[in-house]
Amino acid sequence: MAKKGPPARKHGGSHSSVLLALGAVALAVIALMAWPSGSSVPTVSAREAVVQNWTVPCSSKKEFQKSCGKSTCSRHVWDGLVPEEALDALVALATGGMALGGAAGGPTILDLHSGALSKGSQFIDVFREAASHNLTIFTDEALTTYRAVKEIIRDVLEDTFEVPLHLTKPTFFSSITNKKAITPHDEYWHTHIDKVTYGSFDVTCLLYLTTHAVNFTGGEFSFSDEAGHPHMTVEPRRGRLSCFTSGSENIHFVHKVTSGRRLALTIAFTCNRAAGIPDPSAHHAVVEAARPDGM
């Protein structure tokens, strides 16, 4: 059945180009499988590139079905989807922006859509801060790359779920070290459900910009039960895109980072057009503090 959605977007790529990019992952281990029951599931290792998809039973709350009209919930890992030069640009963008702030404890958060940047125990407007120092971190070229990566991710998700999706908030970079938590909001390692924390989320994605056991230790991402017992773990790998339906079927948490720096982009989509947000632009914006969940 043909997918219903908006006309094809001209953003330097197409659905076919996304599929070609997936096919070009030379080391990919491609698997499509139902979620196994009873036995433990091996960790998705950072040591090799993979493309893997799992169907999971939707929760009894049927959040995804209510929001998107779909009765199948899932988890996905794609390596090699985002070009290396785009990853370099995102790292430079995140690092340059975060250099203007830095959380006193826990993760440092940079949200280009709201302008929020962690600094000490509060949030500041990163665009205003950059302008006050005459810095040109947020160039048109950098933001164009950011938007292009968002479109790559949205394209593959729309192909996967066969529904039109809209970027929603909050979408943010996170930098986690072994810095001690000062406030409860710094404690990123607790289990949570994205649909509960962020009501507009229907599909959550994490694009990792650093690699587990290379750039940092700890910091694995685990799906778990309500008690926090993990039943699937994804190790971050530079360029790895990990996406999942945001409902109660995908309770998760991030393990504590024990050394190094874990850098990632959390980007989420909604089926509700009214809950969508525009792409970021380098101008002053009202700062809305993003909570460091869903990393």
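Predicted model: local features only at pLDDT ≥ 70, side-chain atom pairs only at ≥ 80, totals over all residues.
Residues are numbered from 1 along each chain as its sequence is written, and side-chain values use heavy atoms, leaving out hydrogens and water.

**Stop 1: the disulfides**

Select Cys58 and Cys73, which are joined by a disulfide with an S to S distance of 2.0 Å. This pair links distant parts of the chain, 15 residues apart: Cys58 is in the loop between β2 (51–56) and α2 (63–68), and Cys73 is in strand β3 (residues 73–78). Those labels come from DSSP runs, numbered from the N terminus: helices are H or I with at least four residues, strands are E with at least two. The torsion about the S-S bond of Cys58 and Cys73 is about 110°, so this disulfide is right-handed.

Is Cys73 buried or exposed? Buried means under 20% relative accessible area, exposed means over 50%, and partly exposed is in between (1.4 Å probe, protein chains only). Cys73 has 1% relative accessibility, so it counts as buried. Cys58, at 27%, is partly exposed.

Next, pick Cys68 and Cys271, another disulfide with S to S at 2.0 Å. Cys68 sits in helix α2 and Cys271 in the segment after β16, so the pair ties together parts that are 203 residues apart in sequence. Both Cys68 and Cys271 are buried.

Now go to Cys205 and Cys243, whose sulfur atoms are 2.1 Å apart in a disulfide. Here the chain is linked across 38 residues, from Cys205 in strand β9 (residues 203–208) to Cys243 in strand β13. Cys205 counts as buried at 0% relative accessibility, and Cys243 counts as buried at 1%.

Count the bonded cysteines along the chain and the disulfide pattern reads 1-3, 2-6, 4-5.

**Stop 2: the salt bridges**

The structure holds eight salt bridges, each one a side-chain nitrogen of Lys or Arg within 4 Å of a carboxyl oxygen of Asp or Glu. Select Arg238 and look for Glu84: their side chains meet in a salt bridge (2.9 Å, N to O). Glu84 lies in helix α3 (residues 84–98) and Arg238 in the loop between β12 (230–234) and β13 (241–245), so the pair ties together parts that are 154 residues apart in sequence.

Arg238 is partly exposed at 25% relative accessibility, as is Asp88 at 44%.

Then move to Lys150 and Asp279, a salt bridge at 3.0 Å, N to O. Lys150 is buried at 5%, whereas Asp279 is partly exposed at 32%.

**Stop 3: an open sheet**

Which strands form an open sheet, and in what order? Three of them, ordered β12-β11-β14, with antiparallel pairing; strands pair if DSSP finds at least two bridges between them. β12 and β14 (252–254) are the edge strands, each pairing on one side only. Zoom in on β11 (residues 221–224) and β12, which pair over four bridges. To finish, select Ser224, which stands opposite Pro230 in β12.

Notes
Disulfide = S-S within 2.5 Å.
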